[in-house]
Amino acid sequence: MKAQILKAFKYQQLVDMMYIANDGDISKRRIKILKVNGETFQAYCFLRKEKRTFKMENVLSAIPVITKERMIV
């Protein structure tokens, strides 16, 4: 998971992430990674509309958001 987070940070990609909180709640979030600090990272969370800090170990899945451009005819 850490490699996917670092790659998304390097290329400034948006990420759809499944995350488990310390209390066991699971949420799906769309994030933009701002900073990586060892085992944690800061990201803008579009669900909460604010900057949040996440633990690498609590990320269940991280998939880069791919936007496909439509051809204009």
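A residue is called partly exposed when its relative accessible area lies between the buried range, under 20%, and the exposed range, over 50%. This tour of a predicted model applies that scale at several stops.

**The whole chain**

One helix and five strands are present, and from the N terminus onward they follow the order α-β-β-β-β-β. Along the principal axes, the C-alpha atoms occupy a box of roughly 50 × 25 × 20 Å. Of the 73 residues, 25% are buried. Among contacts with a separation of 6 or more, 40% link residues 24 or more positions apart.

The accessible surface amounts to about 5,500 Å², and carbon and sulfur atoms contribute 54% of it. Colouring by charge shows 15 positive and 7 negative side chains, with 7 Å between the centres of the two sets.

**The sheet**

Return to the cartoon and select the five strands. They make up an open sheet, ordered β4-β3-β2-β1-β5, with antiparallel pairing. At its edges are β4 (50–55) and β5 (59–64), each of which pairs on one side only. On average, neighbouring strands are turned by 40 degrees against each other, direction ignored.

Next, select residues 26–37, strand β2, together with residues 40–45, strand β3; these antiparallel strands are joined by six bridges. Within this pair, Ile33 stands opposite Ala43 of β3.

**Asn37, in strand β2**

Select Asn37, which belongs to strand β2. Asn37 has a relative accessible area of 41% and is therefore partly exposed.

**Ser61, in strand β5**

Move to the edge strand β5 and select Ser61. Is Ser61 buried or partly exposed? Its relative accessible area is 22%, so Ser61 is partly exposed; the buried class requires a value under 20%.

Leaving aside residues up to four places away in sequence, Ser61 touches Met1, Asp16, Met17 and Met18. Then select Glu39, which is 22 residues from Ser61 in sequence and 16 Å from Ser61 in space, C-alpha to C-alpha.

The last two stops concern the backbone. Most residues other than glycine have a negative phi.

Select Gln12, in the loop between α1 and β1. Gln12 is not a glycine, yet its phi is positive, at about 55 degrees. With 42% relative accessibility, Gln12 is partly exposed.

Finally, select Lys49, in the loop between β3 and β4. Here too the residue is other than glycine and phi is positive, near 60 degrees. Which class of exposure does Lys49 fall into? Lys49 is exposed, because its relative accessible area of 62% lies over the 50% limit.

Note on methods. Residues are numbered from 1 along each chain as its sequence is written. This is a predicted model: local features need pLDDT of at least 70, side-chain atom pairs count only at pLDDT 80 or more; totals for chains, interfaces and linings use all residues. Side-chain values use heavy atoms; hydrogens and water are left out. Helices (H or I, at least four residues) and strands (E, at least two) are DSSP runs, numbered from the N terminus. Buried means under 20% relative accessible area, exposed over 50%, partly exposed in between (1.4 Å probe, protein chains only). Contact means heavy atoms within 4.5 Å. Accessible areas come from the Shrake-Rupley method with a 1.4 Å probe; for residues, only the protein chains shown count as cover. Lys and Arg count as positive and Asp and Glu as negative; His and the chain ends are not counted. The place of a charge is taken as NZ of Lys, CZ of Arg, CG of Asp or CD of Glu. Two strands pair if DSSP finds at least two bridges between them. Axes are lines fitted to C-alpha atoms, for helices over the stretch in contact, and angles run from 0 to 180 degrees between N-to-C directions.
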